[in-house]
Amino acid sequence: MIKENRVSKYLLYAIGEIVLVVIGILIALQINNWNENRKSNIQEQLYLKRLLVENNEDLVTFKNNIKNLEKGIETDEALSKALNNPNASDSLVISAANDFFGYGSIYPIFTSSTSTFDDLSSTGNLKVIQNTILRDQLVKHYAFHKQVSERIRIGTDWALPVDAPFTYQNSIMRFEPNSNSLFGKQDTRELAQHLLSKKIEYINNAAVHYWLNKDAIDQLLTLIDDTESIVQLLEKEITN
């Protein structure tokens, strides 16, 4: 072409070739971006569904924990009522003590499902969740998990130094349903008199657990509300 002095046609041909190459590259990049976005969307959906399952599991766990704590509170109140009732029978007083040490003296525990969020945080995949509002809410939500766990731990650390000596000094394991059989046949009147003679100490111990249980319930109720909001956001995002 050049020899035949057809430079303009050669340039047009060359430009056409370049344009075709550029278009090919752009198409390849577009396909690659589309594939990456598709993979990212699939990954996001998997994470969102895992988060939804775990938060629904948390709702069941938190509600069951509250039921157990409420049972404990009932036994705290029943022990106080029995010890303050001058007409209570020995068997009623002992039964109230048995129930208290079986349920009311158990410390609150906090467990939650955080494996998916921990995975997202540790791997840097949190950015896979494209909805920034949802992402921020998830961060706040799981920070609240840690806050509740820490509050319950602090309460337990506060109560243990008071609870442990009381437990040992009063040999309360003879009232605990799972261990009282180890003490052999016990005198009902003697056990009741022991409880009544140390009424204030036992009620004080019940009051410690009563406060711990009430505080844990308040924390869990707030966390349940927050979890239900997260579930709604996750369901909406998965649907979209």
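A word on the model. It is predicted: local features need pLDDT of at least 70, side-chain atom pairs count only at pLDDT 80 or more, and totals for chains, interfaces and linings use all residues. Residues are numbered from 1 along each chain as its sequence is written, and side-chain values use heavy atoms, with hydrogens and water left out.

Salt bridges to begin. A search of the whole structure finds five. The rule: a side-chain nitrogen of Lys or Arg within 4 Å of a carboxyl oxygen of Asp or Glu.

Take Arg50 and Asp119. Their side chains meet in a salt bridge, 3.6 Å from N to O. Arg50 lies in helix α1 and Asp119 in helix α3, residues 115-123, so the pair ties together parts 69 residues apart in sequence. Helices here are DSSP runs (H or I, at least four residues), numbered from the N terminus. How accessible is Arg50? At 36% relative accessibility, Arg50 counts as partly exposed. Asp119 is partly exposed too, with a relative accessible area of 23%. On the cut-offs: buried is under 20% relative accessible area, exposed is over 50%, and partly exposed lies in between, with a 1.4 Å probe and protein chains only.

Next, Asp215 and Arg151. Their closest N and O atoms are 2.8 Å apart, in a salt bridge. This pair links distant parts of the chain: Asp215 sits in helix α6, Arg151 in helix α4, 64 residues apart. Asp215 counts as buried, at 12% relative accessibility. Arg151, at 40%, counts as partly exposed.

Now a pair within one helix. Asp157 forms a salt bridge with Arg153, the closest N and O atoms being 2.4 Å apart. The two are four residues apart in helix α4, so about one helical turn separates them. Asp157 is partly exposed, with a relative accessible area of 40%. Arg153 counts as partly exposed, at 40% relative accessibility. Salt bridges that share partners join Glu150, Arg153 and Asp157 into one network.

Asp58 is in helix α1, which spans residues 7-84. Is Asp58 buried or exposed? Asp58 is buried, yet has no salt bridge. The nearest side chain of opposite charge is Lys63, 12 Å away. For that search, Lys and Arg count as positive and Asp and Glu as negative; His and the chain ends are not counted. What does Asp58 touch? Ser112, Ser113 and His145, leaving aside residues up to four places away in sequence. Contact means heavy atoms within 4.5 Å.

Glu74 is partly exposed, with a relative accessible area of 49%. Glu74 and Phe100 are 26 residues apart in sequence, but 8.6 Å apart in space, C-alpha to C-alpha.

On to the spaces. The search uses a 1 Å grid over the protein atoms alone. A cavity is a set of points where a 1.4 Å probe fits but cannot get out; a pocket is an open set with protein on both sides within 12 Å along at least five of seven lines; lining residues have an atom within 4 Å of a point. Grid points are joined across faces, edges and corners, and a volume is the space filled by probe spheres set on the points.

The largest pocket has a volume of about 190 Å³. Its lining includes Asn65, Lys71, Tyr103, Pro108 and Asn213. Helix α1 gives the largest share, four residues. By class, six lining residues are nonpolar, three polar and one charged. Ala, Val, Leu, Ile, Met, Phe, Trp, Tyr, Cys and Pro count as nonpolar; Asp, Glu, Lys and Arg as charged; the others, Gly among them, as polar.

The second largest pocket holds about 160 Å³. Of its 14 lining residues, Phe101, Ser105, Asp163, Thr167 and Ile172 are the closest to its centre. Helix α4 (132-169) and helix α6 (199-239) each supply at least two lining residues. The largest share, five residues, comes from α4.

Last, the cavity. How many reach 30 Å³ or more? One. The largest cavity has a volume of about 40 Å³. Pro108, Arg151, Ile152, Gly155, Trp211, Leu212, Asp215 and Ala216 line it. The classes are five nonpolar, one polar and two charged.
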